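Here are my notes on this one, as numbered points. Have a look at the model first, then read on.

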Amino acid sequence: MNMMERKEFERMAPELRERIIAMVMRMSTSSDIHMAEDVAQDTLLKLWTMRDRLDDYSNPGSLAMVIARNRAVDMLRSSRGGVTLPLEDGEMAGSGMEDPHERLIEREAGERLDAIMASLPSVQQAVMRMRHVEGMEISEIAAVTGSSPVAIRVALSRARNHVKQIFLKE
């Protein structure tokens, strides 16, 4: 595969930056524009450093949103603990300050949610991941899947109800 050219990257970067900032602002309860800008800058830098592999991904924009979401979550976690760590160490944020029992419960809940997501029909699973993991808008999901926004909303509703029912049974 060819390495992404600088001009192509420069063409897509401003749109990605806006999408990343909007997503981070929605994630952050404090609406910290500085954090959103930091996440956008770090994400675009990460994409630039891996530009030789971007052609391997069907949608570099989705990859950017996943990277940005992970960075934002790391930053939000570290800010709650009052400890600011470099982004590369974000996985360790708060690890020395958390109760091991709480970490175990959180990990088990994450594993259970992954299992529940895997039990969804493939369309619902894909739509849930695009919306809640990648942070895509309904219109973007509709464009990617070739469906209407109404059909996406219905699939999301059904998927959420399925997940809710499984949790209520437990």
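1. Val 163 is buried, at a relative accessible area of 11% (buried means under 20%, with a 1.4 Å probe and protein chains only). Val 163 sits in helix α7, residues 149–169 (helices are DSSP runs of H or I, at least four residues, numbered from the N terminus). Leaving aside residues up to four places away in sequence, Val 163 touches Leu 113, Ile 116, Leu 120 and Met 128 (contact is heavy atoms within 4.5 Å). Met 117 is 46 residues from Val 163 in sequence, yet their C-alpha atoms are 7.4 Å apart.

2. Before going on, a caveat: this is a predicted model, where local features need pLDDT of at least 70 and side-chain atom pairs count only at pLDDT 80 or more, while totals for chains, interfaces and linings use all residues. Numbering runs from 1 along each chain as its sequence is written, and side-chain values use heavy atoms, without hydrogens and water.

3. On to α1, residues 6–27: its 22 residues should span 32 Å at 1.5 Å a residue, and the end C-alpha atoms are 30 Å apart, which agrees (the expected span is 1.5 Å times one less than the number of residues). The buried residues of α1 include Phe 9, Leu 16 and Ile 20.

4. What about α1 and α2? Residues in α1, among them Phe 9, Leu 16 and Ile 20, meet residues in α2 including Val 39, Leu 44 and Trp 48. The residues of this contact divide into 15 nonpolar, 1 polar and 3 charged (nonpolar is Ala, Val, Leu, Ile, Met, Phe, Trp, Tyr, Cys and Pro; charged is Asp, Glu, Lys and Arg; the others, Gly among them, are polar).

Methods: Helix = DSSP H or I, 4+ residues; strand = E, 2+ residues; numbered from the N terminus. Buried < 20%, exposed > 50% of the residue type's maximum accessible area, 1.4 Å probe, protein only.
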